[in-house]
Every structure is written in structure tokens, then in C-alpha cells.
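Hi everyone, thanks for coming.

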Amino acid sequence: MSSSMPPPPPPPSRFASCFVAKPARGFQVLRIDGYSCTKELPGGERVTSDAFAVGGRQWCVDYYPNGADASADESAAIALYLRLVGTHRQIKERVRARYKFTLLDLATGDAAYERPEETGVFITFAGHQAAAGGGDVGCGYAAFIARVELEGLIMDDRLAIRCDIGVTEVAPLPVVVADNPSPMAKILRDCASRHKYNYLGYNSYNEGYTDGVGGEFYGLDGSRSGQEPPLDDKEYIRRCLAAKRPRE
């Protein structure tokens, strides 16, 4: 009779995931040269900044010289909106963010006019809708500042708007746990998947298995002679919880 016997079942697959939530801040400066010419744009037409990244998401600032209402050709105030145009996930997403708009003094870069910080919920969409704005105007002011007041603050027919953003970023933290894998673990999995247990010979004297190909001896726990055995579940979890957060 053959002394071989089926090996023990392969060890369970083990995985660990970790995420880090942290604040992220940034700002965009939108400068408009030739302000008086932008007054010719009808209501609902906008000048859009380049997209910029804050908190793992893409944002842009929209300046509406005659307001965001397309049914009105003219407005007595300019409109400013912050818009979420893309995220790292290709799905519809709602994001809560803090934002603040400031009209800058072109000579000093200081605030010539500003509104207090606001909090809003922004929405983006997957695929091509995200690039087009998804029909969402964003968050901001339908009447940021009256045109009469604005034109008393700008210089050389130019204006500059600063938009500050604060948002929570949730990012994955790699968790790498040394599981002390041995060649035997792979042999056990391969043999179990192929149902070819005859590659392994059970050694009742030493209580283990002998690799019929390489002749090496492995213990019942899958460890090779002279090698540290695989981690048990408790130690694996302990190492997961002890993983360090990377320095910023």
C-alpha cells in the first residue's frame, strides 16, 4: 500500500485594508485680463479656470460676468462658482467641502473684497459627464459682488479671484504583512488544486511530508526544515494593526 496521504487543506487567504482620512487644502487664482470685454458675454456663459487638484479630486472655478441665469442677458453682479469636475473614482460622488472666494488687490495680492468661508456638497458624475460638469453648477454665489462696486476695485481692466478649498481626503494605506510563506504552502495549494497528492509522501516517523520532486522535508504546519513557520491568524492581525502610517 502506498504510504502517501492527502495533505492538509491549504491555509485560508488573508487580506488587510487600511484607509487614512486627512484634511487637504488648496487654492486657485483665476486672473481675467480684459474684464470689460467679458461683460459682453450673455447670462449663463462662463469663463472657467484650468482644473486643479485638491484632496484627490479635480476642481475648477467658474466666473459668470452676467450671472449664471441663462434666461437673463445681463446682471448687475458677477457670479462665482466652485465646481467638482472629477474624482479618482469613476462613479458618481458627493463631496462635502469648504470654500472661500476672495477678490485680490492686483498690486499687493491681499484681499480687496471677500466673503466668509462656506460649506457645500458637490456632485460629480462618471465618464464623459464629469468632464462636461454633469449639469451641476457647483457651489458659490449668484451675486458675488455688484458690478459697480467691483469696477471701483479693479485696476488696468483686470481682476483676480482666489478660491480656497478645504476637503477631507480618504486615501488607502498599504498594509504589508510578512506572512513567512514557505515553498510548501505553494506545493500544498498546487497539489490541492490539481488533486495530485502523490507528489507528497507522508513521513509518519517525522510527522511531515517529503517532496517527491525535490526531496525536502516539510512539517505539518507547512514550514520547511530550518524555516520560520507561517503566521497564525492572531499574529497576522496583530501585525496589521501595528502597521505604521507613512510620514507626509
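Before we start, when I say two residues touch, I mean that they have heavy atoms within 4.5 Å of each other. Also, keep in mind that this is a predicted model.

Okay, let's begin with Arg57. You'll find Arg57 in strand E4, which covers residues 57–64. Is Arg57 buried or exposed? With a relative accessible area of 8%, Arg57 counts as buried, because the cut-off for that is under 20%. Leaving aside residues up to four places away in sequence, Arg57 touches Phe52, Leu84, Gly86, Thr87, Glu93, Val95, Val167, Thr168 and Glu169.

Now, salt bridges. How many are there in the whole structure? A search turns up nine. Let me show you some.

Asp62 pairs up with Arg83, with the closest N and O atoms 2.7 Å apart.

Next up, Glu151 and Lys39, whose side chains meet at 3.1 Å, N to O. This pair links distant parts of the chain, 112 residues apart: Glu151 is in helix H3, and Lys39 is in the loop between helix H1 and strand E2. Glu151 is partly exposed at 35%, and so is Lys39 at 30%.

Last pair: Arg158 and Asp156 form a salt bridge at 3.8 Å, N to O. Here Arg158 is partly exposed, at 24%, while Asp156 is exposed, at 62%. And one network to finish: Arg46, Asp62 and Arg83 are joined by salt bridges that share partners.

Methods. Residues are numbered from 1 along each chain as its sequence is written. This is a predicted model: local features need pLDDT of at least 70, side-chain atom pairs count only at pLDDT 80 or more; totals for chains, interfaces and linings use all residues. Side-chain values use heavy atoms; hydrogens and water are left out. Helices (H or I, at least four residues) and strands (E, at least two) are DSSP runs, numbered from the N terminus. Buried means under 20% relative accessible area, exposed over 50%, partly exposed in between (1.4 Å probe, protein chains only). A salt bridge is a side-chain nitrogen of Lys or Arg within 4 Å of a carboxyl oxygen of Asp or Glu.
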